[in-house]
Amino acid sequence: MVNIGNSWDEILREEFKKEYYLKLREFLKKEYATRRIYPDMYSIFNAFKATPYENAKCLILGQDPYHGEGQAHGLSFSVPEGVPQPPSLQNIFKELAGDMEQAYGKKLQIPKSGCLEKWAEEGVMLLNTSLTVRAGQAGSHRNKGWEILTDRVIELLNQREKPMVFILWGNPARAKKKLIDGRKHCIIEGVHPSPLSAHGGFFGGRYFSRTNEFLKAKGQKPIDWTL
């Protein structure tokens with residue numbers, strides 16, 4: 001069974017015993033045995049491994065993993081060191097640089113690496129709604145059970161005493177707003193950073209400085225967004 005290695009193991013223990021998850025597990029066994037699936041099976045739960053439940057300050061919710069070779073490694077929007085930045089991530093970095101300059105007067109260099117592990121260690125949980133995908137087939141593992149698990153994760157984060165920020169980009173992520181108590185937590189919405197939609201309202205959303213403003217107002221240490 002799943003072994004994450006931190007607080008998520010106990011928190012999700014009962015979830016991993018449920019019928020929907022056992023069915024999903026059987027489906028994944030067949031998929032990994034017969035097809036090219038991303039990320040590799042050892043990286044599926046990297047978002048949980050990198051950001052324990054009690055450490056999460058911010059959740060950035062993606063859809064499904066990148067479906068190109070060598071891109072997905074279990075953290076939404078992130079790619080491993082040395083892999084070219086996908087267009088959505090390039091747009092996230094452009095918005096980050098503009099936001100930091102506008103909010104703090106600091107010029108931020110666009111990172112050369114697209115690996116967001118440092119954000120995850122800072123308390124940014126980089127979660128996709130579906131944790132696996134077939135090579136070259138976006139959305140191919142949707143409605144197989146992952147969304148039941150990741151909805152539960154959002155509900156569990158929402159139940160925490162400590163307030164946090166939920167960044168929801170694109171309509172599938174924004175649909176999760178109903179799982180979050182906006183009176184306690186901060187919900188920041190925007191269009192998806194994909195080139196298909198980013199110019200329709202993604203840029204100028206100030207997601208990063210708004211996250212830090214909320215955390216500081218709640219007596220928490222802000223996130224260092226530099227990479």
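1. Helix α2 (residues 19–34) passes helix α6 in a left-handed crossing, that is, the near helix is turned anticlockwise from the far one by less than a right angle. The contact (heavy atoms within 4.5 Å) is made by Y20, Y21, L24 and L28 of α2 and W146, I148 and L149 of α6. The axes of α2 and α6, which are lines fitted to C-alpha atoms over the stretch in contact, come within 9 Å and cross at roughly 130 degrees. Helices here are DSSP runs (H or I) of at least four residues, and strands (E) of at least two.

2. This is a predicted model, in which local features need pLDDT of at least 70 and side-chain atom pairs count only at pLDDT 80 or more, whereas totals for chains, interfaces and linings use all residues. Residues are numbered from 1 along each chain, and side-chain values use heavy atoms, without hydrogens and water.

3. The peptide bond from Y38 to P39 is cis, with omega near -10 degrees. P39 is in the loop between β1 (37–38) and α3 (46–50).

4. Two residues other than glycine have a positive phi: N143, at about 60 degrees, and R206, near 50 degrees. N143 lies in the loop between β4 (133–134) and α6, and R206 in the loop between β6 (186–190) and α8 (207–217). With a 1.4 Å probe and protein chains only, buried means under 20% relative accessible area, exposed over 50%, and partly exposed in between. N143 is exposed at 71% relative accessibility, and R206 is partly exposed at 24%.

Terms used. Axes fitted to C-alpha atoms, helices over the stretch in contact; angles between N-to-C directions.
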